[in-house]
Amino acid sequence: MSIDYKNTVILPKTDFPMRAGLPKKEPGIVARWQAMDLYQLQRQASKGREKFILHDGPPYANGHLHIGHALNKILKDVINRSQQMLGKDANYVPGWDCHGLPIEWKVEERYRKKGLDKDEVEINEFRQECRDFAAEWVDIQSQEFQRLGVIGDWQSPYTTMAFQAEAQIAREIGKFAMSGALFQGSKPVLWSIVERTALAEAEVEYEEIKSPTIFTKFPIVETKAAGFEDASIVIWTTTPWTIPGNRAVATAAGSDYVCLIANSVEETSLVTPNQRFVVAKDLAQAFADGCRITEYEITAKVQGTDFEGTICAHPLRGRGYDFDVPVLAADFVTMEQGTGFVHIAPGHGEDDFTLGKANDIEVPRTVAEDGSYYEHVPIFAGKFVLDADGKPGNANGAVIKELIDAGGLAGKGSLRHSYPHSWRSKAPLIFRNTSQWFISMDHDNLRGKALEALGETRFVPEGARNRITSMVTDRPDWCISRQRAWGVPIPLFVEKKTGAVLCDQAVFDRIAEAFEQDGGDAWFASPPERFLGDAYNADDYAQVKDIVDVWFDSGSTHAFVLEQRADLDWPASLYLEGSDQHRGWFHSSLLESCGTRGRAPYDAVLTHGFVMAEDGRKMSKSLGNITAPQKIIEQYGADILRLWVVGSDYSEDLRIGGEIIKYQADLYRRIRNTLRFLLGNLAEFSTDEAVAYQDMPELERWVLHRVWELDKLVRKSIDDYDFHTMWTALHNFCAVDLSAFYFDIRKDSLYCDAPSDAKRRACTTVLDILFNHLTAWLAPILCFTAEEAWLTRLGLESGETTSGESIHLQTYPSVDAKWRDDDLATRWRNIRQLRRAVTGALEEARAAKEIGSSLEAAPTVWTSAENLSLVERLDFAEIAITSGISLETGDAPDDVFRLDEAQDVGVRVDKAAGGKCVRCYRLVAKESGNDPENQICTRCRTAVDAMNFDDQVDFKDQTGKE
């Protein structure tokens, strides 16, 4: 008769499955969190704690989430959850940006498809359609964000279109008006002809286009530069349509210029021999090549400063452009391209405007809002720069033709270059001189306050500070007006007689009160008397109909969210968005807050990169390389997407694609298997069985030292917002320190020793500690899996809601200071190195088919006495997972195995003696007891006896029948 000992082996038992099934399991966990109102339970548990407020930068409510949204919201959630588990009150209120072109454009598309003109619709009817559109997408995006595992106040989010928000935005505008910082001015701004409005720099993207280039002559009328009389200064531009707006020419003061005479030209050249041109010395040859001049000579040379007082004629003089064109020194003129001269059209460029203003140069109005020249523009009235669809109009061609007819063109060509486009309509933009409302950067030292606030703000990464600082240092006045319908009206009255803004706090208070009741629609629906009251005659004032820039909207969120919600704090602990928000939300929030409160609305700013395709290229529909978060969730689950976020260096641009996600799924399986091992071996554990630290074997105490190290690393990583380092450390701990080392060694004790065995009890005590720490450490990252593991340990189903149990209501477990043992850590580092030499030899022997399992081996190890002293008190065969081991000092034979990084260790793999224990598989001497076949070893005999399993084992005859 033989005995089947399988029932005496203590195998892991758990309902935590190896296959995660996250796509099906996660929605149930989300539903559980919603049903138990986990957000409110966190608030109750956190009452009185230090607050951590990550203020949400509002996404636009105008479409399904893309992968950039997923990156942003997951990163915010990881930070909030980790701060909550640190013992703070991390109250997250999500928000949406609901005004502006992204939504207005979508609603307009509906009209265009029906062949309707939105301008024919009553304005508040159109605004209501925009409001309804935004509300629909707020609901959709809210569900999509929650499916990512993001926890927050989804029942009471903020929106910029809420009446309370619109009222506060109006109050903020009123503050700037009352302080004198708000003014109306005429400046060139980036203008969308398609959208009929000014755009902020943050609403602009750059695409490559092909533009015509021209070399245009400005004949010198008067100059002090000897030898340059009767010559023509030449400018080069990619915007021929701006020539009618030219009023000056700029030169680089410290550069050398030459007078060039064309001796011979190509047949197709627009230049005739003996014509005299003035260009920069370093660009003379490039000019000659561009104008097809084959031979030329230099007759004079001066510096840019010598052109002081020089006057030129406009190239279209005698055709309606008979004014003088002065030559002015400017520091923005470069020698990289062109001629070394820049034509100045003050109405069509920021540098042009600034230079013109400094020199009292007229700023002409040449191009209307529809992209056509005004009627007063000579020759070109009615010609279009761009048409209504943003396609090139007939202006460039008309200007070039007229210049040729007037003899004002020296050469022409074309160039592919980067050009500003609207990030919504994708149409090209133009710089256009318009009347707009501005906030002065110099009034009350707003620029200085903003720069000082940046110096007091923490930036992650630190290099981001320089980027936004340079933007604030060089930025012009803030243009806050937009010529659209959907947004918060700029609530101003302008006295018709004087043009002065009505600055009366009582008026602004009435406006805010009206907006609180009826929203911004009140501005368009109510008579002016509702706001002006009895103190003013409505006939004396013009009511401004522009709306405010959406960046002012979102820049004011701190005022109507952080300040007005009692459960939040001002300023925010952290603002977090993509790196483009240095010129967007970070920037507008900084200026708004510094202008009204004297400091930034945030203590720290974190920026992340953009998401690129797997090959590093930009994602686009045309390339077919877009990775949608919804697809990843459907196939793998949200936890895999969350793992991708922390598994990437989000301080730089990230990459995503099929292979990258598969890799993250493989990493996830290792973590899941670690949790499954812990749960399986803790099934029967009771804290009554716990072993005190001082009674634990060295190996267990080494594991606890690693827990102490990781606890320190986790807390530092959270403070540094460095979750990539945190995740890497946690993964390596699970995969290398635990699965490949500690678990591998202790499986034998866990499965084969009696439950009362001291070593096994020490091991399960450590497994319990590991489970509590790992589930907490992983919870901010793998929020679904950590919750599933936690509930499994408690014997609860993921759909259960009455217990109020959740890993996300816990805080990080405390770590006993005595777990730190640096000497022990050094000792086990060396022991592991010695072990690696043995396992390397075993792998070589297994590959050569000399052994199968490592338990078939009893290696001989030659090493130093110092190394031997490391393991003299240990069962090194147990650590190496062999049935025996011999340790020798002295010189090893030449043919033994040596590890490259441990040349002082030699290993020979010998076959182990003895028989195979059918219970633990070691090859050792066996003890029969009541086992007639003598199948198990002495250790297993002792364990079976201690467990009283003899009456449960199966006795079988040789046929296997009981």
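How do the residues of the lining of the second largest cavity divide into nonpolar, polar and charged? They divide into two nonpolar, four polar and one charged, where Ala, Val, Leu, Ile, Met, Phe, Trp, Tyr, Cys and Pro count as nonpolar, Asp, Glu, Lys and Arg as charged, and the others, Gly among them, as polar. The model is predicted, with local features needing pLDDT of at least 70 and side-chain atom pairs counting only at pLDDT 80 or more, while totals for chains, interfaces and linings use all residues. Residues are numbered from 1 along each chain as its sequence is written, and side-chain values use heavy atoms, with hydrogens and water left out.

The lining of that second largest cavity consists of Gln42, Ala45, Arg49, Gln84, His808, Leu809 and Gln810, and its volume is about 30 Å³. On a 1 Å grid over the protein atoms alone, a cavity is a set of points where a 1.4 Å probe fits but cannot get out, whereas a pocket is an open set with protein on both sides within 12 Å along at least five of seven lines; lining residues have an atom within 4 Å of a point. Grid points are joined across faces, edges and corners, and a volume is the space filled by probe spheres set on the points. The largest cavity has a volume of about 70 Å³, and β8 (197-198) and β25 (547-548) each supply at least two residues of its lining; strands (E, at least two residues) and helices (H or I, at least four) are DSSP runs numbered from the N terminus.

Among the open sites, the second largest pocket has a volume of about 1200 Å³. Of the 32 residues that line this pocket, Thr237, Thr238, Thr239, Val342 and Asp352 are the closest to its centre, and β18 gives the most to the lining, with five residues.
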